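Open the structure in your viewer and keep the selection panel at hand. The tour goes from one selection to the next and says what is there.

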Amino acid sequence: MKILVPVKRVIDYNVKVRVKPDNSGVDLANVKMALNPFCEIAVEEAVRLKEAGIASEIVAVSIGNKLVQEQLRTALALGADRAIQLDTELTLDSLQVAKLLAKVVEAEQPQLIIMGKQAIDSDNNQTAQMLAALTGMGQGTFASKVVVADGKVQVTREIDGGLQTVELSLPAVVSTDLRLNEPRYASLPNIMKAKKKPLDVSPADSFGVALDAKVKTLSVKAPETRKAGVTVANVAELVSKLKDEAKVI
Amino acid sequence: MTILVIAEHNNAALKADTLKTVHAATLLSNELGCEVHVLVAGAACQAAAGQAAELAGVTKVLVADNTAYGQQLAENVAALVAELGKDYSHILAAATTTGKNMLPRVAALLDVAQISDVIAIQSADTFVRPIYAGNAIATVQSADAIKVMTVRSAAFAAVATGNSAPIASVSIVKDLGVSRFISEELTKSERPELTAAKVIISGGRGMQNGENFALLNGIADKLNAAIGASRAAVDAGFVPNDMQVGQTGKIVAPDLYIAVGISGAIQHLAGMKDSKVIVAINKDPEAPIFQVADYGLVGDLFTLLPELDAAL
Ligand SMILES: Cc1cc2nc3c(=O)[nH]c(=O)nc-3n(C[C@H](O)[C@H](O)[C@H](O)COP(=O)(O)OP(=O)(O)OC[C@H]3O[C@@H](n4cnc5c(N)ncnc54)[C@H](O)[C@@H]3O)c2cc1C
Ligand SMILES: Nc1ncnc2c1ncn2[C@@H]1O[C@H](COP(=O)(O)O)[C@@H](O)[C@H]1O
């Protein structure tokens with residue numbers, strides 16, 4: 001079984017972003033970038049399915065400029081077999097990403113697509129669902145457990161009220177939640193080996209997908225900051241402040 | 001122009017999120033002078049439809065009552081909404097796990113973008129949403145013919161009830177047959193739901209284990225509070241996943257949020273920093289949570305929680 005893992009290059013989750021003074025976006029100059037944490041979980045899950053003898057090949061794909069090759073190499077070091085970059089300088093909406101991924105799905109014919117539930121930059125949480133819609137596949141979003149057997153996949157999903165398990169026929173799309181697994185670190189020998197694994201590049205505009213965004217960002221502002229609070233000396237003072245000053249209890 | 005709201009419900013009753021999503025829809029309809037329809041797709045969901053008809057501002061309720069929609073499988077519900085949705089200018093659902101699961105699928109079927117987690121509506125095509133875990137607030141404008149968006153419940157008040165909008169049934173049945181509901185394990189609790197509670201007390205890694213979460217019970221009882229948690233507490237298995245507050249968990253904005261043994265990572269703050277009053281209890285005076293807390297209490301939670309319980 002072939003697994004396709006779409007991965008995104010995003011700001012490292014430890015970095016506190018700063019909004020640009022002209023409110024045109026966030027400042028990404030000289031900021032540490034990384035594999036989106038949910039994509040890391042997706043790669044790990046694919047690698048575990050390969051180690052379990054269920055998957056035979058893992059293909060990582062990323063859409064973006066040359067820099068995304070760094071994250072594709074990370075995916076290769078974690079255990080993906082080959083990588084595809086769809087090259088573009090444009091910032092795409094999830095719909096366009098999903099349309100491009102649908103083209104890759106058409107060409108590669110994977111049985112399973114495992115991807116992040118959410119990119120931690122745009123916080124969109126859309127692409128997996130859109131890809132499933134465009135390919136007519138079933139979707140197991142926010143997965144905390146994935147079991148592949150008998151041509152089907154059972155996905156346990158983290159939902160607002162608890163957990164839900166659905167069964168999907170293959171091919172299917174799965175999006176990862178935090179509890180699915182704990183990703184491994186790439187070992188040095190694997191990082192070296194990853195440099196020799198195949199990485200194909202094709203222009204994103206060669207797939208017949210219109211790449212002009214329909215949603216325009218008018219401004220990006222810093223959130224309102226909370227004014228500094230006070231330290232209370234003890235529980236009694238806390239309770240009286242909550243009662244008399246804040247009037248919330 | 002007509003606005004369609006996709007109701008969130010469990011067939012028997014509407015979820016509180018629907019009342020807030022309808023509120024967002026009425027802000028749009030007031031501006032546009034248009035109608036607001038609510039779709040209740042489910043199985044044996046007439047009771048939920050009846051409740052939807054009572055919501056202020058709703059001009060019509062559509063009910064698609066079929067076993068295909070009983071478990072809210074995204075594949076089936078999205079196919080239905082996409083078919084109905086062609087005739088609408090805006091399609092709204094709550095930014096809950098149900099809405100987030102289903103609505104992007106609708107947008108893709110309609111060949112339009114989705115705008116996630118709307119926190120304010122500026123005009124018929126311009127919306128405000130947080131990005132980067134709430135560290136930046138974007139104002140975006142959509143040029144799509146149909147605006148498809150999820151709405152953050154914490155940012156909108158519930159609409160009033162007392163209306164009696166007409167109810168029409170929809171006979172479209174979409175059963176894609178690619179997915180099947182197997183089972184559900186819902187956390188049972190007598191407490192208010194996290195996203196609806198006026199008071200929340202959350203525990204983090206500092207609680208050390210699941211049993212110690214019982215230290216929060218007495219306080220939660222007295223304050224009629226919901227109990228939440230950080231990701232670290234969920235990952236460690238202290239409490240179930242549906243208690244996670246944060247960027248990738250639940251977004252809450254209660255009147256009072258008490259963070260106990262939580263350091264205040266940006267991903268946690270993303271889920272609670274719009275609370276009216278924040279209290280932090282932490283033994284580390286340098287913990288970042290104190291930077292957003294209105295009232296900080298530095299000390300050992302194992303001494304302070306019983307004291308707080310007794311003082312209330
Ligand atoms: C992609 C991604 C998504 C994430 N999403 C979320 C999310 O939605 N929600 C979320 O919460 N996190 C999320 N995180 C995790 C986040 O980065 C932090 O790791 C997490 O919030 C830390 O939880 P914590 O504060 O409980 O634990 P810690 O950071 O370990 O803090 C524990 C705190 O307890 C205090 N403490 C310990 N013992 C005591 C005591 N006896 N008395 C008083 N205080 C004590 C310590 O001083 C410390 O400040 C996410 C991370 C990533 C990468
Ligand atoms: N530019 C991209 N290239 C490859 N995969 C992407 C890209 N953008 C998003 N994805 C995938 O879609 C997931 C969800 O992203 P989003 O819907 O944007 O929050 C990510 O975790 C990735 O798996």
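Which chains do the residues that surround ligand 1 come from? Keep in mind while looking that this is a predicted model.

**Stop 1: ligand 1**

Select ligand 1 and the residues around it. Residues from chains A and B surround ligand 1, so the site is shared between chains. The shell has 29 residues, and the closest are B:Arg205, B:Ser230, B:Gln244, B:Ser263 and B:Asn282.

Now show side chains for two of these. A polar side-chain atom of B:Arg205 is 2.6 Å from an oxygen atom of ligand 1. B:Ser230 also has a polar side-chain atom 2.6 Å from an oxygen atom of ligand 1. For B:Gly249, look at the backbone: a polar atom there lies 3.4 Å from an oxygen atom of the ligand. On its own, ligand 1 has 990 Å² of accessible area, and the protein covers 87% of it.

Next, colour by secondary structure. Helix H1 (37–51) of chain A gives two or more residues to this shell. Coloured by residue class, the shell around ligand 1 shows 10 nonpolar, 14 polar and five charged residues.

**Stop 2: where chains A and B meet**

Give each chain its own colour. How many residues of chain B are in contact with chain A? There are 80 of them, and they touch 74 residues of chain A.

The size of an interface is often given as the accessible area lost when the parts come together. For chain B and chain A this buried area is about 6,400 Å², with 54% of it on carbon and sulfur atoms.

Four salt bridges cross the interface of chain B and chain A. To see a salt bridge here, select B:Asp235 and A:Arg179, whose side chains meet with 2.7 Å from N to O. The side of chain B that touches chain A is made of 37 nonpolar, 23 polar and 20 charged residues.

**Stop 3: ligand 2**

Move to ligand 2. Which residues are closest to it? They are A:Pro6, A:Ala119, A:Asn125, A:Gln126 and A:Thr127, out of 19 residues that surround this ligand.

A polar backbone atom of A:Ala119 lies 2.7 Å from an oxygen atom of ligand 2. At A:Ile63, a backbone N or O atom is 2.9 Å from a nitrogen atom of the ligand. A polar backbone atom of A:Val7 is 3.4 Å from a nitrogen atom of ligand 2. Taken alone, ligand 2 exposes 480 Å², of which the protein buries 96%.

Strand S4 (57–64), helix H3 (94–108) and strand S6 (112–116) of chain A each give two or more residues to the shell around ligand 2. The largest share, three residues, comes from S4(A). By class, the shell has eight nonpolar residues, 10 polar ones and one charged one.

**Stop 4: A:Lys145**

Finally, select A:Lys145, which sits in strand S7 (residues 138–149) of chain A. What does A:Lys145 touch, leaving out residues up to four places away in sequence? Its contacts are A:Gln154, A:Val155, A:Thr156 and A:Leu180. Draw a line between the C-alpha atoms of A:Lys145 and A:Leu180: they are 5.5 Å apart in space, while the two residues are 35 residues apart in sequence.

Conventions. Residues are numbered from 1 along each chain as its sequence is written. Chains are lettered from A and ligands numbered from 1 in the order in which they are written. This is a predicted model: local features need pLDDT of at least 70, side-chain atom pairs count only at pLDDT 80 or more; totals for chains, interfaces and linings use all residues. Side-chain values use heavy atoms; hydrogens and water are left out. A residue is near a molecule or strand if one of its heavy atoms lies within 4 Å of it. A polar contact is a pair of N or O atoms within 3.5 Å; within protein, one must be able to donate a hydrogen and the other to accept it, and residues adjacent in sequence count only if both atoms are side-chain atoms. Accessible areas come from the Shrake-Rupley method with a 1.4 Å probe; for residues, only the protein chains shown count as cover. Helices (H or I, at least four residues) and strands (E, at least two) are DSSP runs, numbered from the N terminus. Ala, Val, Leu, Ile, Met, Phe, Trp, Tyr, Cys and Pro count as nonpolar, Asp, Glu, Lys and Arg as charged, and the others, Gly among them, as polar. Contact means heavy atoms within 4.5 Å. Buried area is the accessible area (1.4 Å probe) that two parts lose on being put together, summed over both.
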